Amino acid sequence: MEVLHVIWFAALAFLWTGYLVLDGFDLGVGMRIWLRGRTEKQKRLMLNTIGPVWDGNEVWLITAGAGTFAAFPMWYAGLFSSLYIPLTIVLVALIFRAVSIEYRGKGHTDRWRANWDRALGLGSAVIAFGIGAMLASTTLGLPIDANGDRVGGPFAWFSWYAVLGGLAVLGFSWIHGAAFLALKASGQVRADALLAVRRWLPLAVAPLVVWVLVVQWRYGSVATWAAVVVAVVALAGSWLAARADRDGWTFACLAAFLVTGAISIFAAVFPVVLPSTVDPAYDLTVANASSGDYALTIMTWVAGVALPLILVYQAWSYWTFRRRLSEVHIPEGHEVRPAVLPR
Amino acid sequence: MDPLEIARWQFGITTVYHFIMVPLTLGLGPLVAIMQTLWVRTGNERYLRMTKFWGKVYLINFIMGVATGLVQEFQFGMAWSEYSRFVGDVFGAPLAMEGLLAFFFESTFIGLWIFGWDRLPKKIHLACLWIAVLGSVASAYFIIVANSWMQHPVGVEMVDGRPVMTDIWAVLTNNTALAAFTHAIFGAIGVGSALLIGISWYHLWQRRRDGIDTVDQNGRVVVGENPAIPGRDREDHSVWLKSLRLGAVAAMIGFAGVAVTGDVQGKLMFEQQPMKMAAAEAACHDGTSFSVLSVGDLGSQNCDDVKGLIEIPGLLSFLAEGDFGTPVRGVYTLIPEYEQDYGTNLPEDEIYGERSGQEIDYLPLMEVTYWGFRIMIGFGAAATGFAALALWIARKGTVPASKPLMLLAVASIGAPFVANIAGWVFTEMGRQPFVVAPNPDPSGIDGVYMYTAAAVSPGVTGQEVIFSLVTLGLIYLALFVVEVFLLVKYVRGGVVSAMPELAAHDHYGGDGHGGARGPHSDDDVLAFAY
């Protein structure tokens, strides 16, 4: 087992986990704006809690994809080509999510805003489900041949665990978004969000817990089971904190649950990055899917400098916008009219 | 259905579409940052207005670049898995660097800039914009490093039939990449500045049309104001005049840079991919003259059908070699050379599917290369000419009252976009039938090449690619309409569309909270909110 393979597997696990924790709440907030925003002011309040940070959070996904390409090209090629149709749909959802955040406030009819709310909410839900399905597929297997190409047609990727993984990230994002709003908003928005966490947390995270357990049952070791125990403790902590009205702890424990749960999954599947359901001999592993040592060494240096820096400046961004928002902070919308003399 | 052709269309359409947004982001970003720098240094309200207005236009476009860029990051693996496997060792690195060293900066700091007007000290807020803009420029550099490796593979050795990176420095300083990167950045500045010129012209014209500004008998502007139209005060005039002049000067710099870097890039291409340049000239035989206009049937892919109508003797040699006499190789000279080096038929290999063993056509589509090259240069030159004209026409402080001239100015915004797109289509299609072009020159690594026919994902069906082509195509079309609609709306609104506080005293409502003024408390409304 080469050190460089371990480093890059860990780096990608870090990027994926970072994406799920950070964009997870953006996606949840997007869904809540669509389904749970009672008034226009409330919807805008919710949107502005993620406004300054969502774009930076999304880059974790882009970098996870590009990092996979650089470090494990066979994994990148096999996984993404196998999931051609679902990934196309995820891309469409990512496009709509991004554009709706920027454009929803730039029209002034109710219909305009309602349409963008739908694009934002549905887009967020589809992203969460699709990314979850993809990660579950890469941990539990796809029908790939010796070359790493999918066999069996456009829908051969479909499996019960793809659905499970989809529900896992969807449910987690939904509740993580609510926990984020409980922490970042005030008034009715906060009260609704906190109530949602208290009421739905056990149900919403259940698919993620099942996914974690399935992976452990299949590949687990003592160490990864230990991570599961920590995850469960964090989860219980989050739920108790929500009941005790402690927003910060609720959010932090939920994030800790996701992080330890993801660690237990990634650590358990290592060194396999994409199991083949056709023949275990076709499994893609860190050894047979990776780039050469030189490329990995260079990328280790780059990531070693860049990732700590990224953590620092993203933390600074969160610190800058640390204020809890309320409806009084949201300015009135203004209509944009042509600057011409009426004729 | 054959996935290869559809996948090529799919990649081409999504990439060209992405590259409508990107040069505007790359070109407008530095200009907005310059405006804000002037505001921070002088405190002049005019520059704050310019920053806010052009910043708004920048952001409406920025998000589309971000959204369509996501597709780019994933589709190599989705539709081109064999390509990804072949090049991953060397091509993945610049893409990952783009994420780690460019996109994170760009996206985090653009968020800080958008929402930071009242949260950050002025200078730090300005620094956030510069960091975001430099992040965009860095992302252009890394992606062009990746693209240039496909044009001119360097820094690798072949191990078991795959290129393995041995020298990252060679990849990052690939002469093709340095020329193409600077060429693209200057081209983007041309795009951004043409937008400044066209829109400022429109507003100066609108002010005259509404009787706000007039001209005296010497043709000098007499600036007025009209309180009935929000934002149409005296300062407004200087916003547009300054913007127009800044745009015109930046355009000159941009287009001069494009010409110089384009010349360098062209000379490299004559060396590295002689067939691309022969096809750009649609020339059968070795020659020295550049064809300005040719007639005949380019589509027949037979250069004997093409007759030069207007030719400039010696120019082709100058473009290729810097003198007027060295003959430049034509298609008839090159095809046997390619056949000798790379064979007459594709290898018998399952990777080529039904194309295995087929005869190779080394000649790129001449219609595309010939016209792509000329459209690029023609529209670039037209935009330069118009920028110079605009600077001259506006010398007395405003633009003519003529509506057709105003419409021409607005239409001229499109010229550098067309030039940019034509240039990329030319260079990418001129590389065919290779996706990674073999380089005969001494600075490239011999024997590193890949046919496009071998690059497509073997497991992906034609139906799947059609699905993504149609889905993304329709969505891109719809979003293009939305973006243009919003741009037109905000542009017509003038500065007030980005600074509602300017209209605070009239029926437009609003609370009149200006971003940069006064101490703030925790109950203040946000200076900016979605």
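Me: In which helix of chain B does B:F181 lie?

Reply: This is a predicted model, in which local features need pLDDT of at least 70 and side-chain atom pairs count only at pLDDT 80 or more, while totals for chains, interfaces and linings use all residues. Residues are numbered from 1 along each chain as its sequence is written, with chains lettered from A and ligands numbered from 1 in the order in which they are written. Helices (H or I, at least four residues) and strands (E, at least two) are DSSP runs, numbered from the N terminus, and B:F181 belongs to helix α6 (residues 175-209) of chain B.

Me: Is B:F181 buried or exposed?

Reply: The general idea is to count C-beta atoms, placed from the backbone: a residue is buried if 20 or more others lie within 10 Å of its own, exposed if 12 or fewer, and partly exposed in between. B:F181 has 22 C-beta neighbours inside 10 Å and therefore counts as buried.

Me: Which residues does B:F181 touch, not counting those up to four places away in sequence?

Reply: Two residues are in contact if their C-beta atoms, placed from the backbone, lie within 7 Å. By that criterion B:F181 touches B:A140, B:Y141 and B:I144. As for separation along the chain, B:F181 and B:Q265 are 84 residues apart in sequence, with a C-alpha to C-alpha distance of 9.9 Å.

Me: Where is B:C303 found, and what does it touch?

Reply: B:C303 is in the loop between β5 (290-296) and β6 (306-312) of chain B, and it counts as buried because it has 22 C-beta neighbours inside 10 Å. Leaving aside residues up to four places away in sequence, B:C303 touches B:A282, B:A283, B:C284, B:V331 and B:M366. Of these, B:C284 is 19 residues from B:C303 in sequence and 5.3 Å from it in space, C-alpha to C-alpha.

Me: At what angle do helices α3 and α4 of chain B pack?

Reply: Axes are lines fitted to C-alpha atoms, for helices over the stretch in contact, and angles run from 0 to 180 degrees between N-to-C directions. Helix α3 (residues 81-115) and helix α4 (residues 122-151) of chain B pack at about 160°, their axes being 7 Å apart. That makes α3(B) roughly antiparallel to α4(B), given that angles under 35 degrees count as roughly parallel, over 145 as roughly antiparallel, 65 to 115 as roughly perpendicular and the rest as oblique. The crossing of α3(B) and α4(B) is left-handed, that is, the near helix is turned anticlockwise from the far one by less than a right angle, whereas clockwise would be right-handed.

Me: How are the residues between α7(A) and α8(A) divided by class?

Reply: Helix α7 (residues 160-184) and helix α8 (residues 188-219) of chain A pack at an angle of about 155°, with axes 7 Å apart, and their contact has 25 nonpolar, 2 polar and 1 charged residues. Here Ala, Val, Leu, Ile, Met, Phe, Trp, Tyr, Cys and Pro count as nonpolar, Asp, Glu, Lys and Arg as charged, and the others, Gly among them, as polar.

Me: How many residues of chain A are in contact with chain B?

Reply: In chain A, 74 residues are in contact with 83 residues of chain B. On the side of chain A that touches chain B, α5(A) gives the most, with 13 residues, and the residues of that side divide into 44 nonpolar, 19 polar and 11 charged.
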